[in-house]
Amino acid sequence: MKLWMRKIAVVLVAIMTLGMYVPQMDIHTNAEDNKDALSSKRDHVEDFSTAMVEDEQTEATGLSTDSLHIDALKEDVKVQTYTKLGPRISERLDDQFLAEIIQEMENVVATLVSEEEQSYYFGITQQPTEGFGEKIFSVYDLRTNEDIARFDVRRDNRPLEGFWFNFHYHLKEDNFVKHHEIGEIFWDKNTPPKWMA
């Protein structure tokens, strides 16, 4: 077996077996009232565990921890975007336009994370908003549990044109106020189904 195939196999096995054992954590919170806080703490533990395993695998693979982590974040971007859209919407969208939107989102996340000294301290939330909410995912600092960027998709109903999906993100540096455009995809003149439907 070629050396590069062995390296890839080691990384894949490490990723696949990650999370089989997660120690119990003492969380003093009411899960009924604060589901987002509980899920973000779980995400924090899983992402931090991923970073630790990737550190251990760096010497074996010859790949940098940062590049492995950024690749994992890019995969999360794709998964969370498709989860947000749901099968009813994603099946009807043009694959090329959707791929371009996701590629741009991946580039933005990679840029944001690579600007930091230790990119493996950043993760992506795993709970897109259902129904009519805009949130796709947030990029956050695992150490402080604070968002550094929020990625959203909004439905725009333009008179005489129909519905458009507007993909954009907000940054912590401007208090999440300014819209940073990623792109738009035309849906139809008919109302689209709810997110994740």
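Student: What should I keep in mind about the values?

Tutor: This is a predicted model, in which local features need pLDDT of at least 70 and side-chain atom pairs count only at pLDDT 80 or more, while totals for chains, interfaces and linings use all residues. Residues are numbered from 1 along each chain as its sequence is written, and side-chain values use heavy atoms, with hydrogens and water left out.

Student: How many aromatic pairs does the structure hold?

Tutor: It holds five. Rings of Phe, Tyr and Trp (its six-membered ring) pair if their centres lie within 6.5 Å; planes under 30 degrees apart are stacked, over 60 edge-to-face, and the rest tilted.

Student: Why is the pair of F165 and W187 called tilted?

Tutor: The centres of F165 and W187 are 5.7 Å apart and the planes stand at 40°, so the pair is tilted.

Student: Which parts does that pair tie together?

Tutor: F165 belongs to strand β4 (residues 162–171) and W187 to strand β5 (residues 180–188), so the pair ties together parts 22 residues apart in sequence. Strands (E, at least two residues) and helices (H or I, at least four) are DSSP runs, numbered from the N terminus.

Student: What makes F165 buried?

Tutor: Its relative accessible area is 0%, and buried means under 20%, with exposed over 50% and partly exposed in between (1.4 Å probe, protein chains only). W187 also counts as buried, at 8%.

Student: Why does the pair of F165 and W195 count as tilted?

Tutor: The ring centres of F165 and W195 are 5.1 Å apart with planes at 50°, so this pair is tilted. F165 lies in β4 and W195 in the segment after β5, so parts 30 residues apart in sequence are tied together. W195 is buried, at 2% relative accessibility.

Student: How do you know that the charged end of R155 sits over the ring of W195?

Tutor: The distance from the ring centre is 4.4 Å. The rule asks for NZ of Lys or CZ of Arg within 6 Å of the ring centre and within 35 degrees of the ring normal. R150 lies over the face of F176 too, at 3.7 Å from the ring centre.

Student: Which residues touch the most other members of the largest nonpolar core?

Tutor: They are M105, V109, F137, V139, F151 and F167, out of 35 residues. Such a core is a set of buried Ala, Val, Leu, Ile, Met, Phe, Trp, Tyr and Cys residues joined through side-chain atoms within 4.5 Å. The largest share of this core, nine residues, comes from α4.

Student: What does V109 contact, leaving aside neighbours within four places in sequence?

Tutor: V109 is in contact (heavy atoms within 4.5 Å) with L73, V77, I124, F137, V139 and F151. F137 and F151 are also linked with Y169 into a cluster by ring pairs.

Student: Is H180 buried or exposed?

Tutor: H180, in strand β5, is buried, with a relative accessible area of 17%.

Student: What joins the side chains of H180 and D174?

Tutor: A polar contact of 3.4 Å joins them. The term covers a pair of N or O atoms within 3.5 Å; within protein, one must be able to donate a hydrogen and the other to accept it, and residues adjacent in sequence count only if both atoms are side-chain atoms.

Student: Why is N175 called exposed?

Tutor: N175 has 63% relative accessibility, so it counts as exposed. N175 lies in the loop between β4 and β5, and its phi is near 65°, a positive value in a residue other than glycine.

Student: What makes M196 partly exposed?

Tutor: M196 has a relative accessible area of 29%, which makes it partly exposed.
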